[in-house]
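Subject: A structure to look through

Dear colleague,

Here is the structure I promised to hand over to you.

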Amino acid sequence: MKTATTLVIAVLALAAAATALAGGDRVPAKVSLELGPAVGLFKGKVSADDSACYAGRKVRIVRISGDDVRVGKTYTKINGHYKVQTTETSGDWIAKVKHETLAGVDCKGAQSKVRSAG
């Protein structure tokens, strides 16, 4: 009986550990968006507490005036900074990064504040 109880406790402990590892804590991220100085230039920074969540992160620039349309995409540098030149001249835009797992780290997605021009 003692062996069966010990076995049940061990199985429950392993299940709890597996659940904790699978769910894991997501690392929060932030993304900023600035316009210019050149027309159509978007730049900003992805920041997070873990460098895996800002280095090499794919950033999408989305025009939100009317239908949402991706107008540019790029990847961040090792320090989290990015910039992308587009043909956009006026509108309202946001920068987005999607939730993804990078280098074994579960990184949350993020969206910038809206920036407008024109």
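In which loop is the place of Ala 103? Ala 103 sits in the loop between strand S8 (100-102) and S9, where helices (H or I, at least four residues) and strands (E, at least two) are DSSP runs, numbered from the N terminus. Before going further, please keep in mind that this is a predicted model, in which local features need pLDDT of at least 70 and side-chain atom pairs count only at pLDDT 80 or more, while totals for chains, interfaces and linings use all residues. Residues are numbered from 1 along each chain as its sequence is written, and side-chain values use heavy atoms, with hydrogens and water left out.

To return to Ala 103, this residue has a positive phi of about 50° although it is not a glycine. With a relative accessibility of 77%, Ala 103 counts as exposed; here buried means under 20% relative accessible area, exposed over 50%, and partly exposed in between (1.4 Å probe, protein chains only). Another backbone detail is the cis peptide bond that joins Gly 36 and Pro 37, with omega at about 15°, and Pro 37 belongs to the loop between strand S2 (34-35) and S3.

Next comes the interior. A nonpolar core is a set of buried Ala, Val, Leu, Ile, Met, Phe, Trp, Tyr and Cys residues joined through side-chain atoms within 4.5 Å. The largest one has 20 residues, of which Leu 33, Val 59, Ile 61, Tyr 82 and Ala 95 touch the most other members. At least two residues of this core come from each of several strands, among them S3 (41-48), S4 (58-63), S6 (81-85) and S7 (91-97). If we leave aside its neighbours within four places in sequence, Val 59 is in contact (heavy atoms within 4.5 Å) with residues including Val 46, Gly 72, Thr 74, Tyr 82, Ala 95 and Val 97.

There is 1 disulfide, a term that stands for a pair of cysteine sulfur atoms within 2.5 Å. Cys 53 and Cys 107 form this disulfide, with their sulfur atoms 2.0 Å apart. Because Cys 53 lies in the loop between S3 and S4 and Cys 107 in strand S9, the pair ties together parts that are 54 residues apart in sequence. The torsion about the S-S bond of Cys 53 and Cys 107 is about -80°, so the disulfide is left-handed, and both Cys 53 and Cys 107 are buried.

Finally, side chains of opposite charge can pair when their charged atoms come close. The structure holds 3 salt bridges, each being a side-chain nitrogen of Lys or Arg within 4 Å of a carboxyl oxygen of Asp or Glu.

- Asp 106 pairs with Arg 26, the closest N and O atoms being 3.5 Å apart. Asp 106 is in strand S9 and Arg 26 in the loop between helix H1 (2-23) and S1, so the pair ties together parts that are 80 residues apart in sequence.
- Glu 100 meets Arg 57 at 2.9 Å, N to O, and this pair links strand S8 with the loop between S3 and S4, 43 residues apart. Arg 57 is buried, with a relative accessible area of 0%, whereas Glu 100 is partly exposed at 25%.
- Glu 88 meets Arg 63 at 2.8 Å, N to O. Glu 88 counts as buried at 12% relative accessibility, while Arg 63 counts as partly exposed at 22%.

With best wishes
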